[in-house]
Number of protein chains: 2
Amino acid sequence: MTALVFLDPDYPAGRIADAMTPQLSVLDQGVTRGDGVFESVLYTRSVVRKIDAHLARLRVSADTCDLAIPGEEAWRAAIATAVETFDASTPSEEAVVKLIATRGTEGTAHGTCWVTVSAAPELGRTQRDSGISVILLDRGYDSTVAERSPWLLMGAKTLSYAVNMAALRHAKKNGADDVIFISSDGIVLEGPTSTVLMAHRDGDVKRLITPTLETGILPGTTQGAIFDAAKAAGWVLGYGPLTPENLMDAEAVWLVSSVRLLTPVNSIDGVGVARDAELHAELTAMVDSIG
Amino acid sequence: MTALVFLDPDYPAGRIADAMTPQLSVLDQGVTRGDGVFESVLYTRSVVRKIDAHLARLRVSADTCDLAIPGEEAWRAAIATAVETFDASTPSEEAVVKLIATRGTEGTAHGTCWVTVSAAPELGRTQRDSGISVILLDRGYDSTVAERSPWLLMGAKTLSYAVNMAALRHAKKNGADDVIFISSDGIVLEGPTSTVLMAHRDGDVKRLITPTLETGILPGTTQGAIFDAAKAAGWVLGYGPLTPENLMDAEAVWLVSSVRLLTPVNSIDGVGVARDAELHAELTAMVDSIG
C-alpha cells in the first residue's frame, strides 16, 4: 500500500489521507499544467536517505519555478508521519518517499503539497546487479542553453516529465533499458531519471567523473553523496564536459539515482562498455553507507 | 462553477462529478509525471467550437505519447453532458471546455479522462481589443529538432507545460503580456499557449502567414480555421520559416488561440508593431464565424 500525508497548516504533523481514494482536484495546476516540483527519496531500514540534500534541491526547484512551498520542518514532519504510517501496514526492505509540491488550483494563493511512501520497484534492485543497456538520445538543447534561458527551468525537477517518460519508452521499443541524453552539440547530459558517472584508472589513481552542471542537468543528490565519499577514500573527482567517446573509453559507466542507486551500464547504442568489478564494489559500498 | 464529467465505460454519457471536491488520485501519472494530453476548446452560445479539429489533435497528441484514449464518441458524449451541466448552473457568454487524458495510475492499464467546463477568463476578451506586448524568448530547441527526435513530443499538446508557464511568468516580470518563442537558430516558433500569425499587403493582395509546422510547433486549430476562411475570402496563404525581422516588417501580427481567439500584438521586445484595423476587422469576422 501507499501511505499519503498532505502538508496542511491545520495539521502540524501532516494530514494523513487514503492514497487509494481520490484526493486531488482535477483543477490543480500540478495536473493541468505539470506545474510543480518533486523529489524521490529512498527509505531503507528506518532511514530516509539524504533527506537534507533532497529538501535542499526541492527548495531550489521551487525557487526556479517561483513556487512558494512550506518550510523544511513541515516537510520533515509530514515525511515522519508518512513513513510511520507506511511501516505500520507494509514491511518493506526498500521504499520510495515522494515529495510533491504543485501550484495548486488556478486562482488560489497556496499550492498543494504531499508526501507518499510506496514499496520500491523490484526492477531497480535487479538492475543494480545485472546492469543495463542504454541508448543515446538527443535532448534537443545545446549545452549552453541553461545559462541563457532561465525560463526553460533547466536544473529544476518539475512535474513536467512527459519527455523523460517518452525517452524511456523509446529506449524500450528499441530493446534498451534506459537513456543517456546528449545535447544538440554532442555533450553528455544525464539520464531521464538519473545522473551519469564514469570511472578511469590512471595507474594507482582512481578518477570519478560526472557531467558539469553548466550543461543544465539536474544536480544529482546521489552523485553528490558518492563524490563526497569517493573524495574521502582518495579518489580524484572530475567534472565534464564529456562526449560519448569519453564514456566508451571509461573503465566503467553508471547511471545513479536515489532509488535505483548505482546501476552499471553494460552497453551504449549496442556497443559493450567496460565494467570494472573492483571499482563497482568500492562505489557500491560507499552508496550503501550513505545516510 | 466548473462542470466535471469523467469518461467512464460504465456511463455512456459520461460520469458527472463534483469539480469542487477531490476527484483525482495523487498517484495519477498526469500529476506525478505531467504524462497526458489536453485540449482547450471555446464554448459560446451553445456551440462547442471546432470540436472536430480539437478531437483530431487530441488523438494525434495521444498517439505521439503512445497513450490509448477513448474514441471520439465517448468524448462527444462527455462534452455534451458537461456543457449541459454547466449551462444548468452558470449562464456564461464564453466558457472553456477542457479535455484531459492522462496515463492513469502507474501499473493500471487504463488512463484517466475527463472534461471540464468553466467560465472563460475575462483577460483574454479584453486583450482581443487592447492588444498585447510580447517578448521573444529562446525555446532552446533548433528548428529541425522535431524531425530528428520524436521522443521530444514536439507537436503534441502534453500536460507538461511547466516551461510554457515559466515563460509567461518571465514575460510578466519583464512588464510584457505574452511570449513568442524563437528557436535556437533564430526562427519564429509559437506562443506558450498560442499560434503566431502575420499579415502583409502586397498591392491588392492580402497575405496571411504562419510559421511552418516543420519547426515542431503545435498545429493551431484556430490558425487552421482562419486559414480556411481567409483562403475562401481570396487571401494568399503562406508558411514560414519566419524570422523576428519578418514580424517587425509585417502589416500586423497576432497571437491566436482557441479561447483568446485573435489577439493583436502591439509591440515585440518593446518595439512597436504595425496594426492594421481593416485586416484585423476582416479576420475577426472570420474568427467569429468559425463553427
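The C-alpha centres of domain 1 and domain 2 of chain A lie 26 Å apart in this predicted model. An automatic or database domain assignment gives domain 1 as 3-120 and domain 2 as 125-288. Local features need pLDDT of at least 70, side-chain atom pairs count only at pLDDT 80 or more, and totals for chains, interfaces and linings use all residues. Residues are numbered from 1 along each chain as its sequence is written, chains are lettered from A in the order in which they are written, and side-chain values use heavy atoms, leaving out hydrogens and water.

**Where the domains meet**
- Domain 1 and domain 2 of chain A bury about 1800 Å² between them, 61% of it on carbon and sulfur atoms; this is the accessible area (1.4 Å probe) lost on being put together, summed over both.
- In domain 1 of chain A, Phe38(A), Lys50(A) and Arg57(A) lose the most area to domain 2 of chain A, together 33% of what that side buries.
- The rule finds one salt bridge across this interface of chain A (a side-chain nitrogen of Lys or Arg within 4 Å of a carboxyl oxygen of Asp or Glu).

**A look at Thr158(A)**
- Thr158(A) is buried, at a relative accessible area of 7% (buried is under 20%, exposed over 50%, partly exposed in between, with a 1.4 Å probe and protein chains only).
- A polar atom of the Thr158(A) side chain lies 3.1 Å from the backbone nitrogen of Ser160(A).

**The two chains**

Methods. Polar contact = N/O pair within 3.5 Å; in protein donor to acceptor, adjacent residues only side chain to side chain. Buried area = accessible area lost by both parts, 1.4 Å probe.
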